[in-house]
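I'm opening my notebook on this one. Here is what I looked up, entry by entry.

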Amino acid sequence: MRKASAGLRLHCLAMIQTTVQTVRPFLLIFLFSAQLTAAETPGKSLLKGGKISPSADQVSVTRNGDGVAVTIQTGKDGYPGINIKPEGGAWDLSMFGHVEARVTNTGAKPISLALRVDNAGDWHDNPWNTENAAIAPGEAATIRVLFGYSYGHKPGYALKPDAVSNIVVFAGKSDVVQSFRIESLEAGGPAKESPAMDPESVRIRPKDGVVFGAGVVIDAAKQLSSREAGVSVVDAGKAAAIQVAFRAGKTDQSASLKPAVGRWDFRDFLEVHVKVRNVGKGPVTPRARVDSNGGSSDWVSAGPLAAGASAEIVIPFVAAKIWTGEKESGNRISGETVSAVVVSAERADVEGVLNIDAIQAVLPAGPAIPEWLGKRPPV
């Protein structure tokens, strides 16, 4: 029985080994296919299968290896370039999200090139998406058209990717000869691709307007910057503070706290309060302002601050001077795009050290309403 059992085990092992060797190639093919499906779909070249023709007599085209060389002589055409059409009626690019061209400026002057992806239709409807790029002599650039977007990846014509009838690469009118080489032209990216979010467009609405203090932790590497002054985050055991060191005899020293990304949205507030504390050995005269995409607020000073003393700087969004149209009047601060709170100090003969304990946007209380307001007067 033992000999029979040993023989049976050897037979089973041989069968398993044979099965694995048979299945292994199919398993590898399955795994490779799964990886391709999980990854981005490989790009599709549109130059090799495209019929290329100039848009005007002043344009000449030459296939050069895998690329296309284009020369544009001076002439009357306002948008000279080339058309690239599919062999059939249209390209089906529905499995992709964009078309991009890699282009090199082979001329002696800067050139502005546009890439346009077309559907068939009435030209009055502008049935296409377009992007452009300025390219210096000898340099290369990638121009990418996302389906459904144009000019800075802003929403445009609702292009049908499964019916792309033509691709145009064109320049503007010029009084000098223009030349460029299309290194590649490919469809790529996932279907229904959308533009990446611009970090500058992000708007942060901090809870209760607090951007520092009251448990709010900042990323010092991203959010703090300085001009001439030293700036760091310190913890005295009770609460963290932003410490700013001002050098003696120096002007234009400042430290700034910025959002981690984008801008702060302070549209629900009318002031920013900055709590400061003099932790140095000599007096400091701190001041602060708010910066935004529209402009900056007025500087607001806390007055001379003795060593060990504290103060709260209140920065109103309303300018100290009414805007009259003159350059120095009013301000253009936009509360929904606040880019920084800046703390500075007036020039002093000794070194000053200032702790910023809190920064908060505030909506001040309105005036008291008289009890009689809105009531019917007695008869």
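**Salt bridges**

I looked for salt bridges and got 11 in the structure. The cut-off is a side-chain nitrogen of Lys or Arg within 4 Å of a carboxyl oxygen of Asp or Glu. Before going on, I noted that this is a predicted model, where local features need pLDDT of at least 70, side-chain atom pairs count only at pLDDT 80 or more, and totals for chains, interfaces and linings use all residues. Residues are numbered from 1 along each chain as its sequence is written, and side-chain values use heavy atoms, with hydrogens and water left out.

I checked Arg 205 and found its side chain in a salt bridge with Asp 268, at 2.7 Å from N to O. This pair links distant parts of the chain, 63 residues apart: Arg 205 is in the loop between strand 14 (203-204) and strand 15 (210-212), and Asp 268 is in the loop between strand 20 (263-264) and strand 21 (271-278). Strands here are DSSP runs of E, at least two residues long, numbered from the N terminus.

Next I looked up Asp 265, which meets Arg 267 in a salt bridge of 2.9 Å, N to O. Buried or exposed? For Asp 265, I get buried, because its relative accessible area is 4%. Arg 267 counts as exposed at 52%. (Buried is under 20% relative accessible area, exposed over 50%, partly exposed in between, with a 1.4 Å probe and protein chains only.) Arg 205, Asp 265, Arg 267 and Asp 268 are linked in a network of salt bridges.

**Arg 116 and its partners**

I found Arg 116 in a salt bridge with Asp 118, 2.8 Å from N to O. Asp 118 counts as buried, at 6% relative accessibility. The charged end of Arg 116 also sits over the ring of Trp 128, 4.0 Å from its centre. (That needs NZ of Lys or CZ of Arg within 6 Å of the ring centre and within 35 degrees of the ring normal.)

**Aromatic rings**

How many aromatic pairs does a search of the whole structure find? I got three. Rings of Phe, Tyr and Trp (its six-membered ring) pair if their centres lie within 6.5 Å; planes under 30 degrees apart are stacked, over 60 edge-to-face, the rest tilted. Trp 264 and Phe 266 have ring centres 5.9 Å apart and planes at 5°, so they are stacked. Phe 266 and Phe 269 are edge-to-face, because their planes are at 85°, with centres 6.2 Å apart. Ring pairs link Trp 264, Phe 266 and Phe 269 into a cluster.

Terms used:
Helices (H or I, at least four residues) and strands (E, at least two) are DSSP runs, numbered from the N terminus.
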